[in-house]
Amino acid sequence: PRMTLTSPVSTGQLAIKMLAKGVVPLLLEGSRSQHPEVVAAAVGGLGQISRIKDCRTLLLQDPRGKESVREMLRSKNGRVVSPALLLVTHLLWDEEWRPAILGIQDPPLEKIIVQWAAFAFQKNLDKAVEWRTCEKRASKEMEQKIMHKVQAGVVGNLQLVQEIKELKRTRENTLEWMEIDKYEWHPNILIGRCALSLSTLNHLMIAQHMAQVGALRFVSCVIDSPNEDTHAPAAGVVRNMQASGFPLTTTQVPDPEHLLYALIYRIEQLAEHEIHDQRTFVFMTLITSLYSQQEWQPYFRQVAKRDDVIKFYVDTLIPSIQNNAAHPLSSHERFSSPSPSLPHRRQSSSIRNQSCNEETGTLKRCNTCRKMEVKAKVMKACSRCHLVYYCGRECQKLDWKTHKKVCGKE
């Protein structure tokens, strides 16, 4: 989850209230339903509320919790897998969950992510081809109608100008098909969650293995996606692989020139909007790292020919950063991000709020077995001190020999 969003991930008060009402067991049960719509809605809820540590604890202590997560990832339904990847991203925050998640096989998690990303990209490509075909047909029909009106003399010059403007507007709106339909899952959301989970997983796996499953090809596609939530995780995957000692060569990337252009273009977009966040740091760190490698230099020279802005970055800005003549990244010190030279993979700051790492205290734990209650006020407090809680009489009896020494003395 680090270096992926422009604002910290934190727990919400509404989510905490829902947690207290016992929503986690209800959602977990819904995820096992035979009805696809119910499963998709339940997993979507778990993906959102799992930002709360209590939720992840309840899922872990549920006897079928781990298997339920595996079943979500094995689903053939994109509406289920998409929120399941968000859930897995949150579960990987906790060391207790990592063995279960990293132990997923047939296929392993990283392969699941790349396969679903490929599927989502193909869906987008198919939709783009379909939209362009429809757009060309509609434009041709509109041109024919305008010509008929002109020939019949039923349209004046002013009206003709207006209709031509409308035709141009239709042609220019080439990304209309990428708008998110609130009634249906969208490939771009899935791509974003694939990037997020792969970036998180990348902290915990060997870089060579990530390259073998196609992580770099995925990055090459994602870095140019219109979905901004995918950019920093994608760059973060590459940067983490480099930081672990993995040499990023030009032969491992499908189109090195395109990757460089996309990275510089993203940096320029952020600069135009005066955005200085972890994305800027990730992009600049990655691009300067690639610039320092001799085999990347021909591609930098080639991409510099595209326009004057790219040429300025390649010829002036990036070299000046490398030579420490200028360092625009100083404004990012508040993120405590690692130096590009550090070989560590886990030392950069997390952008999630500390509230995501700690239990809320809304749900009590049994003082004996340490299980968490699934709903607020289910466990009973010690009737004498009211400071400790128990899930039942048996646990209270087992703990009494120890607890009676301090009960009522504080």
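**Reading burial, packing and length**

Tutor: Leaving aside its neighbours within four places in sequence, M379 is in contact with K364, R365, C366, K371, M372, E373, Y389, Y390 and C391. The model is a predicted one.

Student: What makes these residues contacts of M379?

Tutor: Contact here means heavy atoms within 4.5 Å. K364 and Y390 are among the residues that meet this for M379. M379 itself sits in the loop between α17 and β1. Its C-alpha atom is separated by 7.4 Å from that of G392, 13 residues apart along the chain.

Student: Why is M379 called buried?

Tutor: The relative accessible area of M379 is 9%. Buried means under 20%, so M379 is buried.

Student: What makes the pair of Y291 and Q297 a polar contact?

Tutor: A polar atom of the Q297 side chain lies 2.6 Å from the backbone oxygen of Y291. The cut-off for such a pair of N or O atoms is 3.5 Å, and 2.6 Å falls within it.

Student: How do you know that the length of α14 agrees with that of a helix?

Tutor: Helix α14 has 17 residues, 256-272, and at 1.5 Å a residue these should span 24 Å. The end C-alpha atoms are 25 Å apart, which agrees. Just after α14, E274 takes a positive phi of about 55°.

Student: Which helices do the buried residues of α14 pack against?

Tutor: They pack against α13, α15, α16 and α17. The buried residues of α14 include L259, L260, L263, I264 and I267.

Student: How do α12 and α13 pack, and what is the handedness of their crossing?

Tutor: Helices α12 and α13 pack at an angle of about 145°, with their axes 9 Å apart. The crossing is left-handed. A215, L216, V219 and V222 of α12 make the contact with H231, A234, V237, V238 and M241 of α13.

Student: What classes of residue make up the contact of α12 with α13?

Tutor: Eight are nonpolar, one is polar and none is charged. Ala, Val, Leu and Met are among those that count as nonpolar.

Student: How many of the residues are buried in the chain as a whole?

Tutor: Of the 410 residues, 46% count as buried. The chain has 18 helices and two strands.

Key: Residues numbered from 1 in each chain as written. Predicted model: local features only at pLDDT ≥ 70, side-chain atom pairs only at ≥ 80, totals over all residues. Heavy atoms only, no water. Helix = DSSP H or I, 4+ residues; strand = E, 2+ residues; numbered from the N terminus. Expected span 1.5 Å × (residues − 1). Buried < 20%, exposed > 50% of the residue type's maximum accessible area, 1.4 Å probe, protein only. Axes fitted to C-alpha atoms, helices over the stretch in contact; angles between N-to-C directions. Left-handed = near helix turned anticlockwise from the far one by under 90°. Polar contact = N/O pair within 3.5 Å; in protein donor to acceptor, adjacent residues only side chain to side chain.
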